[in-house]
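Here are a few friendly notes on the charged pairs, to read alongside the model. Please have the side chains displayed as you go.

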Amino acid sequence: LVVARCDCSCDCDHASFDRDDTKCRSPRVGSTSNPKCAQPLRTTIQPQRRAPLLQTSTTNIALPATFSMGSLAGKTVILIRHGESLGQAARENGIDRKSDESLIDCGLTRKGQTQAYELAQNSQLDNVDLVVVSPLTRALVTALCAFSKRPDIPIICHAGARERGSTLRPIPENRGRPFNIVRKDLARSGLDIDRVDMSLIPDRWPNHVVEEGKNTGSEYDRLLQWIHARKERNICIVTHHNAITLLLGGAFQRIPNAAPIECECYTGDTLRMKQQNKAMNEYKHKEEQKKKGRRKR
């Protein structure tokens, strides 16, 4: 648990704050002239409070058999947006992305497939011990391509990683298909969907879909809580643009395709991007160069 706590000597209540805060916001007890403490905060990482694990004797400590010091450390979660999809290329192909039914649960373009296979060479994924993937085809293809050379890594499909839009009716690419149809499509590309564990997907998929714009945040919270409860320490989530944006708290407006974004998961519903993030730093640099080029014109 990451907390920022006031270390001052005044009579404020020394409450805990978000770690992004820099000064204490606690009211001073009985003070009217200077109601806020405003002292610098000290940020610390503390284990979540649990029931006492100790016996009455201080010399004989009894810990659960499943306890390990590693369980107190944060997990590494790598977010990956799928490779370029046919939906993204719809405009240049003269297709209406919002209504053309040929894009229902579409796959990747050739460029997107190349991006997905290139992920297999990315050293950021070397330590991954679990892959979580959206049930939509473009994410499934990306995950299977990216980890095609590592058959030992489990791939689990989770409905919480699917894409959401801003309208009540999903656009075609966000509407799922029965897996028996997806299986045939992937087989033509030499990909085996049977490698993916589908046990968490509701039987009524793709009809079991929460309305767009409703309960979105809670679904992502449940996904993170499920990930936090897993024993694996390095987890890759292959998902979508809006999903990553929401998981990162809206920190970015644009998420690049097939670019690993390393994050830390300290609690069941909190995901924070690591400061030194190669993918996002490179993407920001490219965007800044584009803006400079447009200004020169």
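1. A salt bridge here is a side-chain nitrogen of Lys or Arg within 4 Å of a carboxyl oxygen of Asp or Glu. By this rule the count comes to nine. This is a predicted model, where local features need pLDDT of at least 70, side-chain atom pairs count only at pLDDT 80 or more, and totals for chains, interfaces and linings use all residues. Residues are numbered from 1 along each chain as its sequence is written, and side-chain values use heavy atoms, leaving out hydrogens and water.

2. Do look at Asp 105 and Arg 177, whose side chains form a salt bridge (3.1 Å, N to O). The two are 72 residues apart, with Asp 105 in the loop between β4 (75-81) and α1 (110-118) and Arg 177 in the loop between β6 (155-157) and α3 (179-188). Helices (H or I, at least four residues) and strands (E, at least two) are DSSP runs, numbered from the N terminus. Both Asp 105 and Arg 177 are buried (under 20% relative accessible area; exposed is over 50%, partly exposed in between; 1.4 Å probe, protein chains only). Asp 105, Arg 177, Asp 185 and Arg 188 are linked in a salt-bridge network.

3. Next comes Arg 164 with Glu 219, their closest N and O atoms 3.0 Å apart. Arg 164 and Glu 219 are buried.

4. Finally, Arg 183 and Asp 194 meet in a salt bridge (3.0 Å, N to O). Arg 183 lies in helix α3 and Asp 194 in the loop between α3 and β7 (196-197), so the pair ties together parts 11 residues apart in sequence. Arg 183 counts as partly exposed, at 35% relative accessibility, while Asp 194 is exposed at 51%.
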